[in-house]
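Here are my notes on this structure, point by point. Please read them with the model open.

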Amino acid sequence: MTGAPFQRVLIANRGEIALRIVRACHDLGMEAIAVYSDADSSAPHVRAADRAVRIGPAPAAESYLRSDVIVAAAIATGAGAVHPGYGFLAERATFAEAVIRAGIAFVGPGPETIARLGDKLAARRVAIEVGVPVVPGTLAGLSVTGEADLAAATEEAEGVGFPLLVKAAAGGGGRGMRRVERMDELAAALRSGSSEAAAAFGDGTVYLEREVRPARHIEVQLLGDRNGTVVAIGERDCSIQRRHQKLVEESPAPGLSASERHDLHAAAVRLGAAAGLTNAATAEFLFGADRRFFFLEVNTRLQVEHGVTELVSGLDIVAEQFHLAAGEPLSEQARAAASRAAEPSSHAIEFRISAEDPARDFAPAPGRIGRWAMPSGPGVRVDAGVEAGDMVPADYDPLIAKLLVHGHDRAAALARSRRALDEFEVGGVQTTIPFHRALVRHRGFMAGDLSTDWVASEWDGAADRTRSGRIALIAAAFEAPRDGEAPERTAVEDGATRGSGRDGWRASGRRNMSDRWPR
Amino acid sequence: MSSSWLPDGRTDAVRVRFARDATASGLTVEANAPDGLAIVDGASLRVGYRRLDGIHGLIEIDGSPARVLFGALRGRSNDGVLVREVDVNGWRFEVEVESAARAALRDRARRDDDGLVAGGTREIRAVIPGRLVRVVVAPGDAVIIGQPLVVLEAMKMQNEVRATGDGVIERVLVSVGENVEVGDLLVILS
């Protein structure tokens, strides 16, 4: 791998992933062009890029989802490639097609592969063709408009068995997903799931899948080139989730034997090869209590959690994506990483720092960032999308940063996680940090006892918050103003977020004053 | 360290409570009682507090240490209450601090106010900011506790706002497409 695969790249995304891709561009000596909505005109990804193009108002449907506007921006700026990141247009085959039709390289799998695997039902059929077990469920989409449809769905549901999940055929990230315990909940779940799926993906097709429980969520990172070579670069355990959205990911998956790991990687490679995978994708599986793997879906894009695989494999996956998109064969480094993947020699964990309230079922908590002090030191990487003073808009995903830690084994990575999470200081918005701090001190988690039920069964956020609340009240009483310093005269300064060392009662965030906070 | 802003410099108890949380009664704290003790709601606690840089502090309450992070301070000049962001273990709180004597006066005033409000109605307010994507009920509808009233979309998730009790919809104050903020009135139930 030598030289820049492209001269100029347009990044069709925002937030931490756009920044991550800007960095890869600059590492490879390429120019990075950002796009932004009105909510992001001075966002960090815009500041970091070499050029930026406005693509519309704040709502995603009028900006980051505007395929036509983004392709026009790529043409106008002379971009040689478009990187879609994750979310937004990343898995829209029509977007990839439009980019390619404009004579620009799309950094991701080809449109046919995206279409085939993006349809979760088609992906299930591909898996069955190549002998990869799938979660029991329906193989065709359900319509939910008329009475006859409901009768058909009822029949299907009986065959699948309860509890089951209604899932969006075009879906991902838990959107459109509904859990159904009894038949009488089915109709409502189909309707609301389909409506949410239609709103999120423009396609309300849903299907049914048996719920595998207890289970771990384990996924395999794949890379493929245009010669038809597909390799696995290790797996990630992403079992710590809430509402089917990941909170913590680690690599390797704890407790797998070398042969289990090898078989899992091989199954994922078969799937990728059968779907004609080029570039990067991830095959997701459920790992049951009986140590059997069931295929879930393939994500034909860069994952949020790709960084843990980078730390363990030593690869820069985004850089690999650019080289692959330029038509180069899989690099020597990628092949070497694949050959080591079944016997990993270090451990990495990622914590998603989101603007959410973990005491209120992870409700969104947008607002303006006050203090923003990142951990650092050996084995610590932070991929952030905000800085002090930045607004976290309610219009987009609440993920604001990813803390990644790396150690020679899981115990070392966990110890480092405790240290790094304690260093992490965010003011102004509630984040998922208290959840992570409790998790890395939990005996079961430390023992590698993972399950997608962990959050529901082990996490009592309200109790954890209450304990800290009492301490906060008492501390506030001690940190009281000086004599003769009436509250009315409190000076408004910006020093607080920068650690000025001045009296904290006088230092203050002017910008914070006009904001309203979620309760 | 004195904990008072009273004009004569006299040490006095302070009242601390969570901001915008009408249900929390808060604590009365006399920070510098003799012998390294603090009086918290009348009970003696051994509390050590060390201010580090005006942003960070170390507190030890009956032997348990914790790090405290202080954020922006906002004064509310009309009623003399300080509001301060306090972070413990990653949890973010907004704490109101005022002299205990003043807090007692305010509490009394608030109780008197409440007495003037006619009972029987219930206000449903937004607890997250978002865009209203659906209104499920109309004035005159009878609803039962837990029944969805409106759907708010925030950060791509649809959140149902439900009735907090049985009743009849008196008014719907929002319409589809509208952006609402935390605390905005959505529906009135009677």
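1. Terms first. A strand here is a DSSP run of E with at least two residues, and strands are numbered from the N terminus. By that count, A:Val9 lies in strand 1 of chain A, which covers residues 8–11. Keep in mind that this is a predicted model.

2. Where does A:Val9 stand, buried or exposed? The cut-off for buried is under 20% relative accessible area. A:Val9 has 0% relative accessibility, so A:Val9 counts as buried.

3. Which residues does A:Val9 touch, beyond its neighbours within four places in sequence? The list includes A:Cys25, A:Met30, A:Glu31, A:Ala32 and A:Ile33. A:Ala79, A:Ala81, A:His83 and A:Phe322 are also in contact with A:Val9. Take A:Ile33 as one example: 24 residues separate it from A:Val9 in sequence, and the C-alpha to C-alpha distance is 6.0 Å.

4. Now the chain as a whole. Chain A has 18 helices and 22 strands. Its C-alpha atoms fill a box of roughly 80 × 55 × 50 Å along the principal axes. The radius of gyration is 23 Å; a compact globule of 519 residues would have one near 24 Å, so the two agree.

5. Burial and contacts. Of the 519 residues in chain A, 60% are buried. Among contacts with a separation of 6 or more, 65% join residues 24 or more positions apart.

6. Strand 11 of chain A deserves a look. The strand runs over residues 245–251, and seven of its seven residues are buried. Which strands pair with strand 11? Strand 10 (residues 230–242) of chain A pairs with it in the antiparallel sense over four bridges. Strand 14 (residues 347–354) of chain A also pairs with strand 11 in the antiparallel sense, again over four bridges.

7. Details of those pairings. A:Gln241 stands opposite A:Lys246 of strand 11. The hairpin of strands 10 and 11 has two residues between the strands, and A:Arg243 takes a positive phi near 45° there. Towards strand 14, A:Glu249 has A:Glu350 as its bridge partner.

Conventions. Residues numbered from 1 in each chain as written. Chains lettered and ligands numbered in written order. Predicted model: local features only at pLDDT ≥ 70, side-chain atom pairs only at ≥ 80, totals over all residues. Heavy atoms only, no water. Rg over C-alpha atoms; globule rule 2.2 N^0.38 Å. Buried < 20%, exposed > 50% of the residue type's maximum accessible area, 1.4 Å probe, protein only. Contact = heavy atoms within 4.5 Å. Pairing = 2+ DSSP bridges.
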